[in-house]
Amino acid sequence: MIVKTMEDFMAEGKKPEVLFWVGSAGSFDDRAKKITKAFVKILNKANVDFAVLGTEESCTGDVAKRAGNEFLFQMQALMNIEVLNAYEINKIVTCDPHSFNCLKNEYPSLGGNYEVLHHTQFIQELIKSGRLTLKGNLYKGKRITFHDPCYLGRANSEYDAPREVLKSTNASIVEMKRHKLNALCCGAGGAQMFKEPEKGDKDINVLRTEDALKTNPNIIATGCPYCNTMMTDGVKAKEKEAEISVLDIAELIANSEEL
(Lines give C-alpha, C1' and ligand atoms only; values in the text may rest on other atoms or scores of the structure.)
Protein backbone atom coordinates (compact mmCIF):
# COMPACT_ATOMS: atom_id res chain seq x y z
CA MET A 1 0.00 0.00 0.00
CA ILE A 2 1.63 3.24 -1.15
CA VAL A 3 1.10 6.28 1.09
CA LYS A 4 3.44 9.24 0.70
CA THR A 5 3.58 12.23 3.01
CA MET A 6 3.67 15.88 1.98
CA GLU A 7 7.26 15.87 3.20
CA ASP A 8 8.07 13.12 0.64
CA PHE A 9 6.51 15.18 -2.16
CA MET A 10 8.40 18.30 -1.09
CA ALA A 11 11.67 16.38 -1.10
CA GLU A 12 10.97 15.37 -4.72
CA GLY A 13 9.97 18.94 -5.61
CA LYS A 14 6.43 17.81 -6.53
CA LYS A 15 2.88 18.57 -5.45
CA PRO A 16 0.16 15.94 -5.01
CA GLU A 17 -3.21 16.22 -6.76
CA VAL A 18 -4.99 15.97 -3.42
CA LEU A 19 -4.23 15.85 0.31
CA PHE A 20 -5.95 13.01 2.17
CA TRP A 21 -6.95 14.32 5.61
CA VAL A 22 -7.08 11.15 7.71
CA GLY A 23 -8.67 12.63 10.83
CA SER A 24 -8.42 11.49 14.45
CA ALA A 25 -10.79 8.52 14.13
CA GLY A 26 -9.17 7.29 10.93
CA SER A 27 -5.74 7.52 12.57
CA PHE A 28 -6.36 6.05 16.02
CA ASP A 29 -9.61 4.05 16.11
CA ASP A 30 -9.00 0.43 15.08
CA ARG A 31 -12.34 0.13 13.28
CA ALA A 32 -11.95 3.45 11.48
CA LYS A 33 -8.42 2.53 10.36
CA LYS A 34 -10.05 -0.09 8.10
CA ILE A 35 -12.01 2.71 6.38
CA THR A 36 -8.77 4.67 5.92
CA LYS A 37 -7.08 1.63 4.36
CA ALA A 38 -10.04 0.92 2.07
CA PHE A 39 -10.02 4.51 0.78
CA VAL A 40 -6.25 4.40 0.17
CA LYS A 41 -6.75 1.21 -1.90
CA ILE A 42 -9.36 3.05 -4.00
CA LEU A 43 -7.02 6.04 -4.50
CA ASN A 44 -4.22 3.71 -5.57
CA LYS A 45 -6.49 1.79 -7.96
CA ALA A 46 -7.54 5.09 -9.60
CA ASN A 47 -3.88 6.21 -9.79
CA VAL A 48 -4.55 9.32 -7.74
CA ASP A 49 -1.43 11.23 -6.78
CA PHE A 50 -2.21 11.86 -3.10
CA ALA A 51 -0.36 12.60 0.11
CA VAL A 52 -1.06 12.62 3.85
CA LEU A 53 0.41 14.97 6.44
CA GLY A 54 1.41 12.08 8.69
CA THR A 55 2.67 13.27 12.07
CA GLU A 56 2.14 16.87 10.96
CA GLU A 57 -1.65 16.39 11.00
CA SER A 58 -3.42 17.41 14.19
CA CYS A 59 -7.11 17.22 15.19
CA THR A 60 -9.19 19.78 13.25
CA GLY A 61 -10.55 21.09 16.55
CA ASP A 62 -14.14 20.19 15.64
CA VAL A 63 -14.79 18.35 18.92
CA ALA A 64 -13.36 21.19 21.02
CA LYS A 65 -15.59 23.69 19.19
CA ARG A 66 -18.75 21.58 19.57
CA ALA A 67 -18.00 21.08 23.26
CA GLY A 68 -17.78 24.86 23.68
CA ASN A 69 -14.01 25.37 23.87
CA GLU A 70 -13.61 27.95 21.12
CA PHE A 71 -10.12 28.88 22.34
CA LEU A 72 -8.80 25.32 21.95
CA PHE A 73 -10.52 25.03 18.55
CA GLN A 74 -8.80 28.16 17.24
CA MET A 75 -5.42 27.01 18.56
CA GLN A 76 -5.75 23.64 16.81
CA ALA A 77 -7.14 25.19 13.63
CA LEU A 78 -4.42 27.84 13.35
CA MET A 79 -1.69 25.21 13.80
CA ASN A 80 -3.19 23.10 11.00
CA ILE A 81 -3.71 26.12 8.72
CA GLU A 82 -0.05 27.09 9.17
CA VAL A 83 1.03 23.61 8.02
CA LEU A 84 -1.48 23.44 5.14
CA ASN A 85 -0.61 26.91 3.84
CA ALA A 86 3.14 26.25 4.11
CA TYR A 87 2.63 23.26 1.78
CA GLU A 88 0.35 25.38 -0.47
CA ILE A 89 -2.46 22.82 -0.22
CA ASN A 90 -5.43 23.51 -2.50
CA LYS A 91 -7.53 20.35 -2.45
CA ILE A 92 -8.35 18.16 0.56
CA VAL A 93 -10.37 14.93 0.76
CA THR A 94 -11.45 13.25 4.01
CA CYS A 95 -13.54 10.25 5.13
CA ASP A 96 -14.81 12.18 8.18
CA PRO A 97 -17.79 14.53 7.65
CA HIS A 98 -16.86 16.40 10.87
CA SER A 99 -13.39 17.20 9.49
CA PHE A 100 -15.00 17.93 6.09
CA ASN A 101 -17.41 20.47 7.58
CA CYS A 102 -14.76 22.05 9.79
CA LEU A 103 -12.13 22.43 7.05
CA LYS A 104 -14.68 23.59 4.48
CA ASN A 105 -16.80 26.01 6.50
CA GLU A 106 -14.88 27.01 9.63
CA TYR A 107 -11.26 27.28 8.50
CA PRO A 108 -11.74 30.05 5.87
CA SER A 109 -12.44 32.74 8.51
CA LEU A 110 -9.11 31.83 10.15
CA GLY A 111 -7.13 32.01 6.89
CA GLY A 112 -7.49 28.44 5.62
CA ASN A 113 -9.12 28.40 2.18
CA TYR A 114 -9.23 25.02 0.45
CA GLU A 115 -11.41 22.97 -1.83
CA VAL A 116 -12.66 20.26 0.53
CA LEU A 117 -14.37 17.03 -0.52
CA HIS A 118 -15.93 14.17 1.37
CA HIS A 119 -14.57 10.82 0.23
CA THR A 120 -17.93 9.84 -1.31
CA GLN A 121 -17.84 13.02 -3.44
CA PHE A 122 -14.29 12.25 -4.53
CA ILE A 123 -15.10 8.62 -5.37
CA GLN A 124 -18.12 9.85 -7.36
CA GLU A 125 -15.80 12.23 -9.29
CA LEU A 126 -13.38 9.37 -10.01
CA ILE A 127 -16.20 7.18 -11.34
CA LYS A 128 -17.72 9.98 -13.47
CA SER A 129 -14.38 10.92 -15.03
CA GLY A 130 -13.66 7.27 -15.85
CA ARG A 131 -10.59 7.07 -13.63
CA LEU A 132 -12.27 4.45 -11.46
CA THR A 133 -14.13 1.70 -13.28
CA LEU A 134 -16.20 -0.62 -11.15
CA LYS A 135 -17.25 -4.06 -12.30
CA GLY A 136 -17.69 -5.92 -9.01
CA ASN A 137 -20.85 -7.89 -8.44
CA LEU A 138 -20.10 -8.96 -4.86
CA TYR A 139 -23.16 -7.12 -3.54
CA LYS A 140 -25.57 -7.88 -6.38
CA GLY A 141 -28.90 -8.90 -4.89
CA LYS A 142 -27.97 -7.53 -1.45
CA ARG A 143 -30.10 -4.91 0.29
CA ILE A 144 -28.16 -1.84 1.46
CA THR A 145 -29.61 1.05 3.44
CA PHE A 146 -27.59 4.25 3.80
CA HIS A 147 -27.49 6.30 7.00
CA ASP A 148 -26.95 10.01 6.22
CA PRO A 149 -24.23 11.61 8.39
CA CYS A 150 -25.50 14.91 9.85
CA TYR A 151 -22.43 16.90 8.78
CA LEU A 152 -22.55 15.62 5.22
CA GLY A 153 -26.32 15.74 4.75
CA ARG A 154 -28.17 18.41 6.67
CA ALA A 155 -25.12 20.59 7.35
CA ASN A 156 -23.76 20.52 3.78
CA SER A 157 -26.72 19.31 1.66
CA GLU A 158 -24.80 16.41 0.11
CA TYR A 159 -27.21 13.51 -0.36
CA ASP A 160 -26.53 12.36 -3.92
CA ALA A 161 -22.81 11.46 -3.94
CA PRO A 162 -22.99 8.61 -1.41
CA ARG A 163 -26.09 7.16 -3.08
CA GLU A 164 -24.61 7.41 -6.58
CA VAL A 165 -21.49 5.59 -5.41
CA LEU A 166 -23.56 2.90 -3.68
CA LYS A 167 -25.54 2.30 -6.89
CA SER A 168 -22.29 1.28 -8.60
CA THR A 169 -22.11 -1.79 -6.32
CA ASN A 170 -25.18 -3.19 -8.17
CA ALA A 171 -26.89 -3.75 -4.83
CA SER A 172 -30.50 -2.82 -4.12
CA ILE A 173 -30.50 0.53 -2.25
CA VAL A 174 -33.40 0.80 0.19
CA GLU A 175 -34.19 4.05 2.01
CA MET A 176 -35.14 4.36 5.66
CA LYS A 177 -38.34 6.28 6.37
CA ARG A 178 -36.22 9.07 7.89
CA HIS A 179 -33.58 9.87 5.29
CA LYS A 180 -31.84 12.77 3.56
CA LEU A 181 -33.11 16.05 5.09
CA ASN A 182 -35.18 14.17 7.69
CA ALA A 183 -32.49 11.67 8.66
CA LEU A 184 -31.94 11.04 12.36
CA CYS A 185 -28.53 11.63 13.96
CA CYS A 186 -26.60 8.51 15.05
CA GLY A 187 -26.06 10.17 18.42
CA ALA A 188 -22.30 10.80 18.19
CA GLY A 189 -22.16 14.34 16.76
CA GLY A 190 -21.44 17.49 18.72
CA ALA A 191 -18.78 15.76 20.87
CA GLN A 192 -21.42 13.33 22.19
CA MET A 193 -19.15 10.51 21.00
CA PHE A 194 -16.97 11.00 24.07
CA LYS A 195 -19.58 11.00 26.83
CA GLU A 196 -22.22 8.70 28.21
CA PRO A 197 -25.82 9.38 27.11
CA GLU A 198 -28.20 11.21 29.44
CA LYS A 199 -30.91 9.23 31.17
CA GLY A 200 -33.85 8.37 28.95
CA ASP A 201 -35.89 5.53 27.50
CA LYS A 202 -33.62 4.65 24.61
CA ASP A 203 -30.19 5.52 23.20
CA ILE A 204 -30.31 7.48 19.92
CA ASN A 205 -28.10 4.97 18.10
CA VAL A 206 -30.50 2.13 18.99
CA LEU A 207 -33.45 4.20 17.75
CA ARG A 208 -31.60 4.92 14.51
CA THR A 209 -30.64 1.26 14.11
CA GLU A 210 -34.35 0.39 14.44
CA ASP A 211 -35.02 2.77 11.51
CA ALA A 212 -32.45 0.83 9.49
CA LEU A 213 -33.73 -2.63 10.50
CA LYS A 214 -37.22 -1.76 9.22
CA THR A 215 -35.79 -1.75 5.68
CA ASN A 216 -34.75 -5.40 6.15
CA PRO A 217 -31.14 -4.74 5.04
CA ASN A 218 -28.15 -7.04 4.63
CA ILE A 219 -25.83 -4.06 5.08
CA ILE A 220 -26.09 -0.67 6.77
CA ALA A 221 -23.83 1.70 4.83
CA THR A 222 -22.21 4.69 6.53
CA GLY A 223 -20.07 7.61 5.40
CA CYS A 224 -18.61 8.61 8.76
CA PRO A 225 -16.41 6.79 11.29
CA TYR A 226 -18.55 7.96 14.22
CA CYS A 227 -21.77 6.82 12.56
CA ASN A 228 -20.08 3.49 11.87
CA THR A 229 -19.33 2.99 15.57
CA MET A 230 -22.84 4.01 16.67
CA MET A 231 -24.66 1.88 14.12
CA THR A 232 -22.40 -1.10 14.87
CA ASP A 233 -23.23 -0.73 18.58
CA GLY A 234 -26.91 -0.45 17.67
CA VAL A 235 -26.79 -3.67 15.64
CA LYS A 236 -25.08 -5.40 18.59
CA ALA A 237 -27.74 -4.08 20.98
CA LYS A 238 -30.36 -5.67 18.74
CA GLU A 239 -28.27 -8.89 18.55
CA LYS A 240 -28.27 -8.78 14.75
CA GLU A 241 -24.50 -8.72 14.12
CA ALA A 242 -24.58 -12.24 12.66
CA GLU A 243 -26.88 -11.22 9.79
CA ILE A 244 -26.29 -7.49 9.30
CA SER A 245 -22.93 -5.81 8.67
CA VAL A 246 -22.13 -2.12 9.03
CA LEU A 247 -19.68 -0.90 6.38
CA ASP A 248 -18.38 2.44 5.18
CA ILE A 249 -18.99 3.24 1.50
CA ALA A 250 -15.22 3.10 0.88
CA GLU A 251 -15.13 -0.43 2.29
CA LEU A 252 -18.06 -1.50 0.11
CA ILE A 253 -16.31 -0.23 -3.02
CA ALA A 254 -12.94 -1.73 -2.04
CA ASN A 255 -14.57 -5.10 -1.23
CA SER A 256 -16.61 -5.20 -4.42
CA GLU A 257 -13.45 -4.61 -6.45
CA GLU A 258 -11.46 -7.09 -4.32
CA LEU A 259 -8.85 -4.45 -3.54
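Cavities and packing in a predicted model

The protein chain has 11 helices and nine strands, where a helix is a DSSP run of H or I with at least four residues and a strand a run of E with at least two, numbered from the N terminus. This is a predicted model: local features need pLDDT of at least 70, side-chain atom pairs count only at pLDDT 80 or more, and totals for chains, interfaces and linings use all residues. Residues are numbered from 1 along each chain as its sequence is written, and side-chain values use heavy atoms, with hydrogens and water left out.

User: Why is Ala-188 called buried?
Analyst: Buried means under 20% relative accessible area, exposed over 50%, and partly exposed in between, with a 1.4 Å probe and protein chains only. Ala-188 has a relative accessible area of 3%, so it is buried. Buried residues make up 51% of the 259 residues in the chain.

User: Where is Ala-188 found, and what does it touch?
Analyst: Ala-188 is in the loop between strand E7 (172-173) and helix H9 (204-213). Leaving aside residues up to four places away in sequence, Ala-188 touches Met-193, Tyr-226 and Met-230, a contact being heavy atoms within 4.5 Å.

User: What makes a space in this structure count as a cavity?
Analyst: On a 1 Å grid over the protein atoms alone, a cavity is a set of points where a 1.4 Å probe fits but cannot get out; lining residues have an atom within 4 Å of a point. Points are joined across faces, edges and corners, and a volume is the space filled by probe spheres set on them. Three cavities of 30 Å³ or more are present.

User: Which residues line the largest cavity?
Analyst: Among them are Trp-21, Cys-59, Asp-62, Asp-96, His-98 and Tyr-226. Helix H2 gives the largest share, three residues.

User: How does the lining of the second largest cavity divide by class?
Analyst: Its residues are six nonpolar, three polar and one charged. Ala, Val, Leu, Ile, Met, Phe, Trp, Tyr, Cys and Pro count as nonpolar, Asp, Glu, Lys and Arg as charged, and the others, Gly among them, as polar. Ala-188 and Tyr-226 are among the lining residues nearest the centre of the second largest cavity.

Notes: 1 Å grid on protein atoms, 1.4 Å probe; cavity = no way out; pocket = protein on both sides within 12 Å on 5 of 7 lines; lining within 4 Å.
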